[in-house]
Amino acid sequence: MSDGIRVASLDDIPQGEGIAIDKAITGTEDDIALLRDTDDTVYALNDTCTHETASLAQGWVEEGFVECPLHSSKFCLRSGEVQGLPATRNACPHRVEVRDGEVYLFPGEAP
Ligand code: FES
């Protein structure tokens, strides 16, 4: 089993915000957003909002959800489930781990 890809340090991601990891690094069809919740848990979702083309890494992260910066749809950080219009499709979640302050991503693996 893979140890994952080290993609960032926890300190690279401000609390309540996100950063996008380029698909050239993740090997996925979309960039992947690393999203640091207000309790410091890090989650990973496909970066492109399922409504249009906004980057979820540019959104607001709070109490288990990320809010799209363009039209304010919310997605569950844990499952990617969409919580409000205008988006109607869930975001794709990926497994992520933080070990010794470093963030490891498992692209394509379920959390
Ligand atoms: S682009 Fe995200 S809600 Fe419209």
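Student: Why is the sulfur of Cys76 too far from the closest cysteine sulfur for a bond?

Tutor: This is a predicted model, and in it the closest cysteine sulfur, in Cys92, is 13 Å away from that of Cys76.

Student: What makes Cys76 count as buried?

Tutor: The cut-off for buried is under 20% relative accessible area. Cys76 comes in at 16%, so it counts as buried. Cys68, at 2%, is buried by that cut-off too.

Student: Which residues have the most contacts inside the largest nonpolar core?

Tutor: Leu35, Leu45, Cys49, Leu56, Val66, Phe75 and Leu77, in a core of 16 residues. Strands E3 (32-36) and E4 (42-46) each supply at least two residues of it. Take Cys49: leaving aside neighbours within four places in sequence, Cys49 touches Ala54, Leu56, Cys68 and Phe75. There's also a second, separate core of 12 residues, including Val7 and Val42.

Student: Why are E1 and E2 said to stand at the edges of the sheet?

Tutor: The order is E1-E9-E8-E4-E3-E2, an open sheet with antiparallel pairing. E1 (5-9) and E2 (18-21) each have a single partner strand, so one side of each is left without a neighbour in the sheet. From one strand to the next, the twist averages 30°.

Student: How do you know that E1 pairs with E9?

Tutor: Pairing takes at least two bridges, and four join E1 to E9 (residues 102-106), so they pair, running antiparallel. Across from Arg6 you'll find Tyr104 in E9.

Notes
Residues numbered from 1 in each chain as written. Predicted model: local features only at pLDDT ≥ 70, side-chain atom pairs only at ≥ 80, totals over all residues. Heavy atoms only, no water. Axes fitted to C-alpha atoms, helices over the stretch in contact; angles between N-to-C directions. Core = buried A, V, L, I, M, F, W, Y, C linked by side-chain atoms within 4.5 Å. Buried < 20%, exposed > 50% of the residue type's maximum accessible area, 1.4 Å probe, protein only. Contact = heavy atoms within 4.5 Å. Disulfide = S-S within 2.5 Å.
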